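Please open the model in your viewer and keep the selection tool at hand.

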Amino acid sequence: MKLYDYILSPSCYKVRLMAALTDVKLDIRPVDFHPGAEHRGAALMDLNPAGSIPILEDGDLILTESSAMLVYLAARAAPEWLGSGTTEETARVQQWLSFSNRLTTSLGAARLHEMLLRPGDITELQMHGIAALREVEAGLVEQGVRGMRFLASDRPTVADIACFPYVALAPDGGVSLDPYPAIRLWSRALRSLENFIEMPGIHRLHELKPAPYIEPGGA
Amino acid sequence: MTHDAMIDEWYPVGLFSKLDAGGRKTALMGEPIDVARDAEGNARVTGGNGRPLPVCVRYGHVWSSLGAPQKALFAIPEADQAGRRFVDVGVVRVRCSPLRAVENFLDIAHFPFVHTDILGAEPHTEVQNYKVEIREDEVWATQVKFYQPQAAKSASGGITTEYMYRVPAPTCAVLYKTCPPRPGEWDVITLFVQPLAEDLCDVWPWMALYDDTTTLTDLIHFQQTIFLQDRSILENQIPRLLPLDPGMEIPTRADLTSVAYRRWLKRHDYTYGAQLVAQ
């Protein structure tokens with residue numbers, strides 16, 4: 001299974017992360033994003049007329065939308081990542097998969113503007129980013145009331161992986177995550193998953209220091 | 001705040017290979033500038049009021065200055081060695097002091113925590129003793145050794161890498177490191193920093209490597225990975241400006257290079273992006 005990949009792209013990272021979590025081996029093919037703009041070149045435009053990456057190729061199957069790639073990896077290797085299959089949960093997974101595009105066009109664009117000097121109205125992008133973050137925060141809080149820790153279920157699903165990267169990288173675009181405690185706990189839960197991998201800007205959890213030893217009978 | 005001394009230095013303002021006639025609007029120390037290619041194919045830099053600024057093209061980049069540079073751009077002799085590959089990594093904007101970007105580049109103690117499993121790994125966190133000196137008015141750190149799981153794209157498996165660091169200009173640092181395919185030679189990795197404002201900079205990493213096997217794309221992705229891991233740390237450092245007042249922080253032995261760099265900045269009155277008095 002071949003992934004046309006760029007190390008700094010959060011959408012490519014979604015696919016790398018999903019593959020790591022579901023133990024699928026990817027054949028990574030780095031794309032000359034800078035300076036060659038290879039993703040706009042004839043060969044890759046043939047695969048994906050939209051001129052975007054990631055692109056996932058598996059035999060005759062060519063996928064150009066990262067959410068579809070997450071679903072494909074999960075369906076193939078670890079269907080529990082698709083959710084339990086109840087009506088409501090299935091709908092919630094779909095809701096967040098579609099919603100994730102709003103994170104890309106707001107927080108993702110703000111990040112490109114602030115980091116790689118892409119043109120854009122930064123105030124507008126950050127404003128839409130904040131609105132989207134507030135929805136994620138509210139969604140997680142509501143899930144907490146239902147006794148669930150993740151966006152669509154009590155276990156992580158493709159919905160979490162679709163939303164996590166652009167949320168976690170919001171500070172790269174000048175949008176702070178400080179006001180969102182539920183997002184920070186959720187981010188911590190995802191980063192603690194076995195086989196979690198990081199990307200530049202998303203740091204792994206380091207071992208916490210052992211708990212201090214307190215003398216019995218002390219204050 | 002005075003920044004007279006830094007006004008006359010050379011700064012990177014763009015990649016020469018990416019210049020076009022339309023020009024690129026950017027900034028240098030708070031002044032809007034325009035960097036373009038003229039009809040003869042030469043780089044042209046224009047200041048805020050339309051005045052022409054000094055230009056030099058070297059190490060893949062266009063260099064300019066708001067003042068009148070008293071000397072030529074610092075030399076990197078390795079840039080003229082045959083057989084090396086020169087890599088224009090591109091630009092990354094960082095909301096931090098240009099001096100902090102350089103200082104971070106000089107630090108090795110953060111490798112295991114920020115560049116985990118690439119440039120360092122726990123429990124190999126010890127920074128062994130190394131030497132720092134001022135050599136021909138440049139800051140040099142030598143005999144720096146560190147255990148690294150994957151020191152370079154061309155390295156397979158962990159090795160103890162030896163480094164030398166050099167600061168030839170207030171916002172530029174040159175790193176020499178063990179070159180896995182060619183023992184005896186050094187790979188050269190530089191950090192050229194364009195000060196846009198005192199707390200905002202564009203960083204232009206550049207490399208001159210002996211590596212015949214790794215593709216250019218892999219080399220760029222590797223270096224971008226490293227630098228973007230640093231970016232999120234740099235943007236969260238407090239205070240935003242680099243403190244030059246020794247009362248601000250308590251350095252450890254591992255920070256020798258940083259201490260020398262800060263003293264050298266202070267001695268030259270290189271204070272654009274610095275905090276002079278602890279607040």
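The stops below cover the interface, a hairpin and several backbone features of this predicted model.

**The interface of chains A and B**

Begin by displaying both chains and selecting the residues in contact: 21 residues come from chain A and 29 residues from chain B. The size of an interface is often given as the accessible area lost when the parts come together. Here the area buried between chain A and chain B is about 2100 Å², and carbon and sulfur atoms contribute 54% of that area.

Next, turn to the charged pairs. Three salt bridges are found across the interface of chain A and chain B. Select A:Glu114 and B:Arg95, whose side chains form a salt bridge with an N to O distance of 3.2 Å. Polar contacts across the interface of chain A and chain B amount to 12 residue pairs, with both residues at pLDDT 80 or more. Now highlight helix α4 of chain A, residues 87-116: with three residues, this helix supplies the largest share of the side of chain A that touches chain B. Colouring that side of chain A by class shows 11 nonpolar, four polar and six charged residues.

**A hairpin in chain B**

Select residues 55-58 and 61-64 of chain B. These are strands β5 and β6, which pair in the antiparallel sense over four bridges. Within the pairing, B:Val57 stands opposite B:Val62 of β6(B).

Which residue takes a positive phi in the hairpin of β5(B) and β6(B)? Centre the view on B:Tyr59, in the loop between β5 and β6 of chain B. The hairpin has two residues between the strands, and phi of B:Tyr59 is near 50°, a positive value in a residue other than glycine. B:Tyr59 counts as buried because its relative accessibility is 4%, under the 20% limit.

**A positive phi in chain A**

Move to A:Asn195, in the segment after α7 (181-191) of chain A. A:Asn195 is not a glycine, yet its phi is positive, at about 70°. Is A:Asn195 buried or partly exposed? With a relative accessible area of 43%, A:Asn195 is partly exposed.

**Two cis peptide bonds**

Select A:Ile53 and A:Pro54 and inspect the peptide bond that runs from the one to the other: this bond is cis, with omega near 10°. A:Pro54 lies in the loop between α2 (42-47) and β3 (55-58) of chain A.

Finish in chain B with B:Ile238 and B:Pro239, which are joined by a cis peptide bond with omega of about -5°. B:Pro239 is located in the loop between α4 (216-234) and β15 (242-243) of chain B.

Definitions and conventions. Residues numbered from 1 in each chain as written. Chains lettered and ligands numbered in written order. Heavy atoms only, no water. Pairing = 2+ DSSP bridges. Contact = heavy atoms within 4.5 Å. Buried area = accessible area lost by both parts, 1.4 Å probe. Salt bridge = Lys/Arg side-chain N within 4 Å of Asp/Glu carboxyl O. Polar contact = N/O pair within 3.5 Å; in protein donor to acceptor, adjacent residues only side chain to side chain. Nonpolar A, V, L, I, M, F, W, Y, C, P; charged D, E, K, R; others polar. Buried < 20%, exposed > 50% of the residue type's maximum accessible area, 1.4 Å probe, protein only.
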